[in-house]
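Colleague: I would like to go through the terms used for this model. Please set each value against its definition.

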Amino acid sequence: MSRFSAVCAAAIMAFAGAVSPVSAEDLTIGVKAEISAADPHVLFGPNRNIGGQVYEPLFATDNSQNPMPGLVESWSAVEPTLYEFKLREGVLFHDGSTLTAEDVKFSFERALTLDAPRTFKTYLKNVDTVEVVDDLTFQIRTKAPTAILINNLTTFGIVSKASAMNADENAFAAGEVAGTGPYRWVSYTPGDSVVLEGHDDYWGGAPNFDQVTYKFLKNESTRVAALLSGDVQVIDEVPPNLVKRLEDDEAIEVTAATSYMLNYVGLDQHREVSPYVTGLNGEEIPNPFLDVRVRTAMSHLLNRELISERIMDGLSTPAGQFVPEGMVGHVEGLEPVAYDVGRAKELLAEAGYPDGFKLTIHCTNDRYMNDGKVCEAMGQLLSAGGIPTEVQTLPRSVYFKRASSGGVNGEPEFSFYMVGFGAANGVADAALTALVMTYDKAAKTGANNRARYSNADVDRLANEAAAEIDEARRLELLEEATRIAIDEVGVLPIHHLSAVWATRDGLVIEPRTDLFTRAQNVSRPGN
């Protein structure tokens, strides 16, 4: 039995204590980002935020994304590639049926085969088979030994096979399939809200609130105004320029913490001619981003300190790698690339672009904190550095489809784009696998690698790290892969966002590194 199993009892008690009811009341939360669907097997941060309270993963996580017992009560390694898991007895789905290993197997198979733009295949790519032993026991055979299987099992939700086997994608998207979480799905009104209600038979105890409503308020001022007026009691992603205003209000509590969310830039490395890069007179030119010197120059032109201090009002940390300090796989001493216009111009000249080129950059304007403003700032910095730049910001409902498949023959469309990534399993392996491993749909690598960066050494090292049980050696492999990918500007890290919430009516919130605003993290001191 693993050390994880040995600490199960203490962790279960801690988890149960965390979900004790506040009182019989309702909660309304204003969030910036809208979900795309209720489907627990479609990978999208806002979906996991809200839907994770309905469809639980096999393992829960604490507020720092460390795995802890959930639907699985204990586990052991039978062989280097065979793991056995025991489910918690008596867990009830929202439809009244009891959780069994058959539900787990069904959920795995759907998560592994679902055809959608964003899925959990990156996290499950090493799973070979899932077999039922008995009602409460199942086994997972992996393709190779893996050090992060448990981390990966914290990511996707388990559904009731009975309620799901005849459900179509529309039923999944509407939340008509049963889960086991502390809340059950009531309604989803696109563009407006999601309503959840408490699951009184939840295995961890009665939930904190009877009903939870999430209102989608993408406009920063509207979200803050809703909190001040009392229309909502909690908001996420408090805009940096309004933090002081809320801190000065005695009825408001502001809570901030470092998060796992990385905003990074991708540069087109898969086309000979890139659609949003031209010569200074608008003429077609070879794609400059195929040259690492140009990619490095672009990094030198982006003043991360200025963006963090002025655009974000200090509510972000300039980034030079995939995960922030404190997360598994953070590389000590790997600092952000320095702002250096002179060096950038030297590199551009060496690469054959002494006078620069014209560029259009693309970003969301409603997905990440200050995303549109950061994009405008990057455009100004690039223009000031000799790259005349036009900025286009788009709603995420349009942006992500174009970014992933809006180009010719379904290729990624943009030449220079900013997007976010948070390691759903809490370790740097996820970023390597999704962002810089070679795009390979069959191998389930490079799912977010829209730039199509590719390096065989990065692929090899990342695969070796995933299979390495010795933690010290695993970290060495992760560091080597990270340094290669960053040196070659496979992606261009900008900053790690801070997570900022505000509450009223005497409520407080426990911050999470994954930025999730879960009802179970909201409480009233003394209750």
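Colleague: How many helices and strands are there in the protein?

Modeller: The protein has 18 helices and 20 strands. Both are DSSP runs numbered from the N terminus: helices are H or I with at least four residues, strands are E with at least two. The model is predicted, so local features need pLDDT of at least 70 and side-chain atom pairs count only at pLDDT 80 or more, while totals for chains, interfaces and linings use all residues. Residues are numbered from 1 along each chain as its sequence is written, and side-chain values use heavy atoms, with hydrogens and water left out.

Colleague: What makes the radius of gyration agree with a compact globule?

Modeller: The rule, over C-alpha atoms, is 2.2 Å times the number of residues to the power 0.38. For 527 residues a compact globule would have a value near 24 Å, and the protein has 23 Å, so the two agree.

Colleague: Why is aspartate 236 called buried?

Modeller: Buried means under 20% relative accessible area, exposed over 50%, and partly exposed in between (1.4 Å probe, protein chains only). Aspartate 236 has 7%, so it is buried. Of the 527 residues of the protein, 59% count as buried.

Colleague: Where does aspartate 236 lie, and which residues is it in contact with?

Modeller: Aspartate 236 lies in the loop between strand S11 (234-235) and helix H10 (243-247). Contact means heavy atoms within 4.5 Å. Leaving aside neighbours within four places in sequence, the contacts of aspartate 236 include Gly30, Lys32, Arg223 and Trp501.
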